[in-house]
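Trainee: I would like to learn how to read strands and pockets in a model. Could you walk me through this one?

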Amino acid sequence: MRSSAIACAAGIALCIAAPASAEVVHSSAGDLAVETVATGLTNPWALAFLPDGRLLVTERPGRMRIVGSSAKVLDGKLSPALAGVPKVFASGQGGLHDVVLDRGFAQNQTIYLCYAEPVDGGARTALARARLVDEGTPRLDDVKAIFHQEGPLSSGQHFGCRIVQTADDNLFLSMGDHYRSRDEAQNLANHIGKTIRIRPDGSVPPDNPFVGKAGAKPEIWTYGHRNSQGLARHPTTDQVWEHEHGPRGGDEVNIPLAGKNYGWPVIGYGVDYSGAKIHEGTHKPGMEQPLWYWVPSIAPSGMAFYAGDLFPAWKGNLFIGALRGQVLVRLERDGDKITKEERLLQELGERIRDVRMGPDGALWLLTDNAAGRILRIVPVNRRAG
C-alpha cells in the first residue's frame, strides 16, 4: 500500500501508514476521511485488535491473517494465512466468521473463533479457542472446539456466529436458524436460532436460565432468533446487545435478556422472500419486541458501541454495518431506547461486514467482497498523516 507519511496513533504502540489519499464523506459530525488500511482480502468477516494495535482479520473462505508488519507498523501488509485454523464449510454464507481476543490475552494469548463446521455434507455453527503464536511464522496452536451447535444442519445459510465476552469472562455466541429450519428457533431442545452463554472452557454457567429444565439445552440464553450477525457489549453496563436479519423486512436490534423469547418466526415485521406471510402478527404475549427494526431490510452485520474521543458527539452511539443497505448505520440511544438513525458512507456503495471501535478512537470497517478492504474512519482534520 502506498503511503505519504507514518503517524503514531495516540495511546497505543502502533504507527499507522497514512494513505496518500482518502475518500471524504459527509456526516452529522462533519466531514469524515475514509482511509484504506489494507486491501486484497477475500470476503473479510471480522477483525480484532492485538495489544500493539495490529489486526487479526478473518476471511470467509477459511483464512486468518495478521495485518501490520513485525515492526508494529500498520502498513497494510498481510501475513500469510495462519496455520491451525479449523477446517470450515466454505459454501454459501458459511466459512470462517468471528474472532475475538480473550480478556486475558496479554497473559494467555487466547483467542476465540466462530465458524461453519462441516458435518455429514452440511454444516453447523462451532466455537473454538486457540493460542495465537505470534513469532516467526504466526500460527494457531492448542486449537480446541468448545461448542458445537446441535440441531438440523445447514446447507449453507444462517450461521449467526458473533462472539462477545463479558466482564465475568463468560462467552455469548449468536446463531442462526439455518434458513430451512426456522421453526426450530422456538424449540429449546436444540441450538437452532438461539444465543448461548458458556464459560471459556465450554462448560455451562450454573445461572443460565434453562439449567436443570427438562427438554432444554442448558447453554441457551435466549431463543427465537433468525440470523444474528451482531453482538456488542455495552462499555459501561456490560450488557450485551444483539441484532439479526429479518427476511424481506424486519431486521431487529434487541437486548437479549436471560430466558426471553424474541419471537422468530411466530412474530416479526417482514414477509417471506416470495412476499408470502410468515408471522402470526407483530406482537404476542411472552415474546419480546425489538428496540428498533428496519422495513425494508438493511441486512445488518457487525456492531460496536462508540466510546472514543475522536467523535465526541457520537459517544455512546451504536454503529451497525449493512450488507444490503451498503451503509454504516449510526443509532442514537437514550438508555435502552433507540431514538434516531443516521445512514453514513452511502457514497462508498460497499457491503459493510464488520464494524469495531479501534484503540485509537477511530471506527474500523470491513467491506465484504472478493477484493475486501479494511477501512479506518476519522474526522478529516484527524487523519493519520
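Mentor: Gladly, and keep in mind that this is a predicted model. Let us begin with strand 7 (residues 63-67): 4 of its 5 residues are buried, so the strand is largely enclosed by the rest of the structure.

Trainee: Which strand pairs with strand 7, and in what sense?

Mentor: The partner is strand 6 (residues 55-59), and the two run antiparallel over 5 bridges. Within this pairing, Leu-56 stands opposite Ile-66 of strand 7.

Trainee: What should I look at in the hairpin of strand 6 and strand 7?

Mentor: Look between the strands, where there are 3 residues; Gly-62 has a positive phi near 120° in this hairpin.

Trainee: Now the pockets. How is empty space found?

Mentor: A probe the size of a water molecule is rolled over the atoms, and this shows where empty space is left. Here, the largest pocket has a volume of about 860 Å³. Its lining counts 29 residues, with Val-100, Gln-165, Arg-233, Arg-356 and Met-357 nearest the centre. Strands that give two or more residues to this lining include strand 5 (44-49), strand 9 (96-101) and strand 25 (352-357).

Trainee: How many residues of that lining are nonpolar, polar and charged?

Mentor: The lining of the largest pocket has 17 nonpolar, 5 polar and 7 charged residues.

Trainee: And what volume does the second largest pocket have?

Mentor: About 270 Å³. Of the 21 residues lining the second largest pocket, Gln-93, Asn-227, Gln-229, His-245 and Leu-323 are the closest to its centre. That lining divides into 5 nonpolar, 9 polar and 7 charged residues.

Technical notes
Residues numbered from 1 in each chain as written. Predicted model: local features only at pLDDT ≥ 70, side-chain atom pairs only at ≥ 80, totals over all residues. Heavy atoms only, no water. 1 Å grid on protein atoms, 1.4 Å probe; cavity = no way out; pocket = protein on both sides within 12 Å on 5 of 7 lines; lining within 4 Å. Points joined across faces, edges and corners; volume = space filled by probe spheres on them. Nonpolar A, V, L, I, M, F, W, Y, C, P; charged D, E, K, R; others polar. Buried < 20%, exposed > 50% of the residue type's maximum accessible area, 1.4 Å probe, protein only. Pairing = 2+ DSSP bridges.
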